[in-house]
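Please look over the sequence and the model below before reading on.

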Amino acid sequence: MSGWAQKRFWKAVAVAQCDDGFAVELDGRRVKTPAKAALTVPTRAMAEAIAAEWDAQSESVDPGSMPCTRSANAAIDKVTHQHSEVATMLAEYGDTDLLCYRADSPAELAARQAEAWDPALDWAETALGARLAPRSGILHQPQEASALACLAQKVEALSPFQLAAFHDLVGISGSLILGFAAALDWRDAEDIWQLSRLDERWQEEQWGVDEEAQAVAAVKRQEFLHAKRFFDLSTER
């Protein structure tokens, strides 16, 4: 979005239905992506969220205040053209999933991980048909190929707009299972975000809060919650 005009030039923002979805219009002209593709989205709810971002701009346009627009741009300009590559990359998280790598010690941390993360693995076995097994230590131990193939198939089935959101749900949490858990409403997105930060919270309890790390975590939290919202908007009519 860095190449866009920095001054607001439009007066009216509207949502228009078109053959392949919904578009956002500025004074009757349809918005395009940075790659000059039509910014056409799959649901009216998503189009209305994007329109609200454009309508909220004042004299100077602030791309940082337009997360839905950015995510839609990514879905259209990037994910649509690299769907299989993105899906494969995200599916690979299953073999090194955060939830499966448990501490050898101290016992208190290992117990906390089991209490918090085992229910998510149990949920995945029921809801996704794939059981990932926890490991002790940091050395890689491959998961069952059948479980990974099942998860990969479900990632591949996501639409480009869902996949754009899922990319952040997985990448920010470090867990394919937590990405699915957020997308499919296993628990509230805030609760799932906190599950992904269990190790960091443990370190804070032991050594105190690092203000810089806390600021980075706050940004990631907002990005994670936005990704969940965008995933929902991709299916909400």
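By the pairing rule used here, the count comes to six aromatic pairs. The model is predicted. A pair of aromatic rings is described by the distance of the centres and the angle of the planes. Take phenylalanine 161 and phenylalanine 230: their ring centres are 6.4 Å apart, the angle between the planes is 35°, and the pair is tilted. This pair links distant parts of the chain, with phenylalanine 161 in helix α6 (residues 160-173) and phenylalanine 230 in helix α10, 69 residues apart. Both phenylalanine 161 and phenylalanine 230 are buried.

A second pair consists of tryptophan 193 and phenylalanine 224. Here the ring centres are 5.8 Å apart and the planes stand at 40°, so this pair is tilted. Why does the pair tie together parts that are 31 residues apart in sequence? Tryptophan 193 belongs to helix α8, while phenylalanine 224 belongs to helix α10. Elsewhere, ring pairs join Phe9, Trp10 and Trp54 into a cluster.

Helix α10 (residues 211-233) also holds lysine 228. Is this lysine 228 buried or exposed? It counts as buried, because its relative accessibility is 8%. Where does the side chain of lysine 228 reach? It reaches the backbone oxygen of alanine 182, at 2.9 Å. Leaving aside residues up to four places away in sequence, lysine 228 touches Leu169, Ala182, Ala183, Asp185 and Ala189.

One of the residues touched by lysine 228 is aspartate 185. Aspartate 185 sits in the loop between α7 (176-183) and α8 (189-196). Its phi is positive, about 65°, although the residue is not a glycine. Aspartate 185 is exposed, since its relative accessible area is 51% and exposed means over 50%.

Aspartate 27 likewise has a positive phi without being a glycine, in this case about 50°. The loop that holds aspartate 27 runs between β2 (21-26) and β3 (29-30). Aspartate 27 is partly exposed, because its relative accessible area of 41% falls between the cut-offs of 20% and 50%.

A further backbone feature is found at proline 106. Which form does the peptide bond from serine 105 to proline 106 take, with omega near 0°? This bond is cis. Proline 106 has its place in the loop between β5 (101-102) and α4 (107-127).

Now step back to the whole chain. It has 10 helices and six strands. Along the principal axes, its C-alpha atoms fill a box of roughly 60 × 40 × 25 Å. Of its 237 residues, 45% count as buried. Among the contacts between residues at least 6 apart in sequence, 64% join residues at least 24 apart. The chain exposes about 12200 Å², and carbon and sulfur atoms supply 51% of this area. The chain carries 23 positive and 37 negative charges, and the mean positions of the two sets are 7 Å apart.

Methods
Residues numbered from 1 in each chain as written. Predicted model: local features only at pLDDT ≥ 70, side-chain atom pairs only at ≥ 80, totals over all residues. Heavy atoms only, no water. Helix = DSSP H or I, 4+ residues; strand = E, 2+ residues; numbered from the N terminus. Buried < 20%, exposed > 50% of the residue type's maximum accessible area, 1.4 Å probe, protein only. Contact = heavy atoms within 4.5 Å. Areas by Shrake-Rupley, 256 points an atom, 1.4 Å probe, with all protein chains shown as cover. Lys, Arg positive; Asp, Glu negative; His and termini not counted. Charge placed at Lys NZ, Arg CZ, Asp CG, Glu CD. Polar contact = N/O pair within 3.5 Å; in protein donor to acceptor, adjacent residues only side chain to side chain. Phe/Tyr/Trp six-rings, centres within 6.5 Å; stacked < 30°, edge-to-face > 60°.
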